[in-house]
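Here is a brisk report on one structure. Start with the sequence and the coordinates, then read on.

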Amino acid sequence: MRKKIVAGNWKMNKTPKEAAEFCKLMKEKVVSDAVEVVFCVPFVDLYPVLEELKGTGIGVGAENMHFAESGAYTGEVSVQMLKEMGVGYVILGHSERRQYFGETDEMVNQKVKKALETGIVPILCCGETLEQREAGITIEWVRIQIKCALAGVSAEDAKKVVVAYEPIWAIGTGKTATSAQAQEVCHAIRTVLAELYGRETAEEIRIQYGGSVNSKNAAELFAMEDIDGGLVGGASLKEEFVSIVHY
Ligand code: PEP
């Protein structure tokens, strides 16, 4: 039985002070035995969020990392830095990183391997553009993204990965995929995972849906067979996140 996982992606929102205040307000309300809850926050918010959420069981994640151990990469943050702080998760390959910062499938693959090697759970994002959906190549595209991102990752490690299916046309637009559309692609992702690692392993890997998840649509989306929770952007910045966690 896969445990549902609901992760907030704050993107570039909340200063350290605002982050601490928000976590203080939210922590008791979002604690859940049934659902793994994670706050993925900007680098500068990690310390206050980790401090505020200490002992609550709520996970803390970063929104990106570099794949190198250390070195001349001005402005970047390594996985070891995250690990030492106590960060447990990292969003990798978000479409905004791919679109605005030129992240390629190869870079995402290197980051996924590095996070796994260090014991940080990658939340691996994939998803199609509206043009790709309209051209009927959604599943083909997502299959390629998954295969590239997981190249060289063992079955044992793949079980630790959380995949987030996020159709780009649904991110921050208020246009949610229907539960049937989301299920179709999440099922296709599980199929490619089964081809790579065998059915048993694929059944253990959690697949989230992301794209305008809110308190009204979460229950229907999360009830689908291959959807094991959500990656939530806008609604994770508000008290609404509580009702998504307790969908
Ligand atoms: C996201 O940032 O990953 C996301 C899904 O955003 P939103 O929920 O705002 O669409």
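## Annotated site

Gly 234 sits in the loop between β8 (229-232) and α12 (240-245). This is a predicted model. Gly 234 has 20 other C-beta atoms within 10 Å, so the residue counts as buried.

Gly 234 is also one of the positions that the unreviewed UniProt entry marks as "binding site". The record lists Asn 9, Trp 10, Lys 11, Gly 172, Ser 212 and Gly 233 as well. These positions are spread over 226 residues of sequence. In space they cluster, with a largest C-alpha distance of 13.7 Å. Lys 11 belongs to the loop between β1 (4-9) and α1 (16-30). Is Lys 11 buried or partly exposed? Lys 11 is partly exposed, because its C-beta neighbours inside 10 Å number 19, and the buried class needs 20 or more.

## Ligand shell

The ligand is surrounded by 14 residues. The closest are Asn 9, Ile 171, Gly 210, Gly 233 and Gly 234. By class, the shell holds seven polar, five nonpolar and two charged residues.

## Positive phi angles

Most residues other than glycine have a negative phi. Lys 14 is not a glycine, yet its phi is positive, at about 80 degrees. Lys 14 lies in the loop between β1 and α1. Lys 14 counts as buried because it has 20 C-beta neighbours inside 10 Å.

Ser 212 is not a glycine either, and has a positive phi of about 55 degrees. Its place is the loop between β7 (206-210) and α11 (218-222). With 20 other C-beta atoms within 10 Å, Ser 212 is buried. The UniProt "binding site" annotation includes Ser 212.

## Strands β1 and β2

β1 and β2 run parallel and pair over six bridges. Gly 8 stands opposite Phe 39 in β2.

How many of the six residues of β2 (residues 35-40) are buried? The count is six of six. Both faces are covered. One side carries Val 35, Val 37 and Phe 39. The other carries Glu 36, Val 38 and Cys 40.

## Nonpolar core

In soluble globular proteins, nonpolar side chains tend to be buried together. Here the largest nonpolar core has 75 residues. Those with the most contacts inside this core are Val 90, Val 112, Ile 123, Leu 124, Val 163 and Tyr 165. Helix α9 (residues 179-197) gives the most to this core, with six residues.

Val 112 touches Leu 92, Pro 122, Leu 124, Ala 149, Leu 150, Val 153 and Val 161, leaving aside residues up to four places away in sequence.

Technical notes
Residues are numbered from 1 along each chain as its sequence is written. This is a predicted model: local features need pLDDT of at least 70, side-chain atom pairs count only at pLDDT 80 or more; totals for chains, interfaces and linings use all residues. A nonpolar core is a set of buried Ala, Val, Leu, Ile, Met, Phe, Trp, Tyr and Cys residues joined through C-beta atoms within 7 Å. A residue is buried if 20 or more other C-beta atoms lie within 10 Å of its own, exposed if 12 or fewer, and partly exposed in between; C-beta atoms are placed from the backbone. Helices (H or I, at least four residues) and strands (E, at least two) are DSSP runs, numbered from the N terminus. Two residues are in contact if their C-beta atoms, placed from the backbone, lie within 7 Å. UniProt positions are given in the numbering used here, feature names are shortened, and annotations may be inferred rather than shown by experiment. A residue is near a molecule or strand if its C-beta atom, placed from the backbone, lies within 6 Å of it. Ala, Val, Leu, Ile, Met, Phe, Trp, Tyr, Cys and Pro count as nonpolar, Asp, Glu, Lys and Arg as charged, and the others, Gly among them, as polar. Two strands pair if DSSP finds at least two bridges between them.
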